[in-house]
Amino acid sequence: MLKIAVVTSGRGTLLRYAFSACFDGVLNGEVVAVATNRVCPALDVARKVGIGHVAAYPLDEFSSRRERDARMAADLRRAGADFVLVGGYSEGLEDEFLRHFPDRAISVYPTILPAFGDLDEAIGPALDYGVKTLGLTIHFRDPVSLSDGPIIAQVPIPVDIGDTVESVTPKIAAVEREHLPRIMQAFAEGRVTRQGRLVHVRPI
């Protein structure tokens, strides 16, 4: 069973997906902790569903991001987490965090990486560029970057000339809801292996 920590800065959308997938039996896991870098709605979501460790780690309360990330990782470990889902998080994570979860910290990005990587908001620039396909990339989290890290899975989403951020976002959310629990279940079943940047998800 995965013991999941969710690291986020936003509304808690991926937290809801993970919690629902566990509750519905789609994912053999339990969300045991939620950490944020600021006060945000995800904290209220976590408290309402009774998650054990729920805390904000504002950077101005620490001497550096390295110190903050090390504390955050240690707290998540103490809460029992052995897997991290990073979703809607507005900062890179330092190696001081990620070394606590080797090959166990994943993230999602709303393009087919490496296109339009490391942007706070990638859908708008991609549409402005005239792409014909957006999509979802699920990847391991690398230090500091928002989008670097070995790619675990990618799902393309066709777009039309008239599409906007508002029209595309629900499509990406639907793909996240469908595919993220499947990938996390593959981790729960030990079906994900990595060699350098090459990641293999063994089918059932």
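This is a predicted model: local features need pLDDT of at least 70, side-chain atom pairs count only at pLDDT 80 or more; totals for chains, interfaces and linings use all residues.
Reader: Which residues have the most contacts inside the largest nonpolar core?
Author: They are Ile-4, Leu-85, Ile-106, Met-184 and Phe-187, in a core of 47 residues. Helix H6, residues 165–188, gives the most to this core, with nine residues.

Reader: And what does Phe-187 touch?
Author: Leaving aside residues up to four places away in sequence, Phe-187 touches Leu-2, Phe-83, Asp-103, Arg-104, Ile-106, Phe-140, Ile-152 and Val-192. Another core, of 20 residues, lies apart from the largest one and includes Ala-35, Ala-73, Phe-101 and Ala-105.

Reader: Turning to the largest pocket, what is its volume?
Author: The volume is about 910 Å³. The lining has 31 residues, and Gly-87, Gly-88, Pro-110, Asp-120 and Glu-176 lie nearest the centre of the pocket.

Reader: Which element gives the largest share of that lining?
Author: H6 does, with five residues. By type, the lining residues divide into 15 nonpolar, 10 polar and six charged.

Reader: Now strand E6, please: why is it largely enclosed by the rest of the structure?
Author: Strand E6 spans residues 133–140, and seven of its eight residues are buried, so the strand is largely enclosed.

Reader: Which strands pair with E6, and how many bridges are there?
Author: E5 pairs with E6 in the antiparallel sense over four bridges, and Tyr-109 stands opposite Thr-137 in E6. Strand E7, residues 151–158, also runs antiparallel to E6 and is joined to it by seven bridges. There, Ile-138 stands opposite Ala-153 in E7.

Terms used:
Residues are numbered from 1 along each chain as its sequence is written. Side-chain values use heavy atoms; hydrogens and water are left out. A nonpolar core is a set of buried Ala, Val, Leu, Ile, Met, Phe, Trp, Tyr and Cys residues joined through side-chain atoms within 4.5 Å. Buried means under 20% relative accessible area, exposed over 50%, partly exposed in between (1.4 Å probe, protein chains only). Helices (H or I, at least four residues) and strands (E, at least two) are DSSP runs, numbered from the N terminus. Contact means heavy atoms within 4.5 Å. On a 1 Å grid over the protein atoms alone, a cavity is a set of points where a 1.4 Å probe fits but cannot get out, and a pocket is an open set with protein on both sides within 12 Å along at least five of seven lines; lining residues have an atom within 4 Å of a point. Grid points are joined across faces, edges and corners, and a volume is the space filled by probe spheres set on the points. Ala, Val, Leu, Ile, Met, Phe, Trp, Tyr, Cys and Pro count as nonpolar, Asp, Glu, Lys and Arg as charged, and the others, Gly among them, as polar. Two strands pair if DSSP finds at least two bridges between them.
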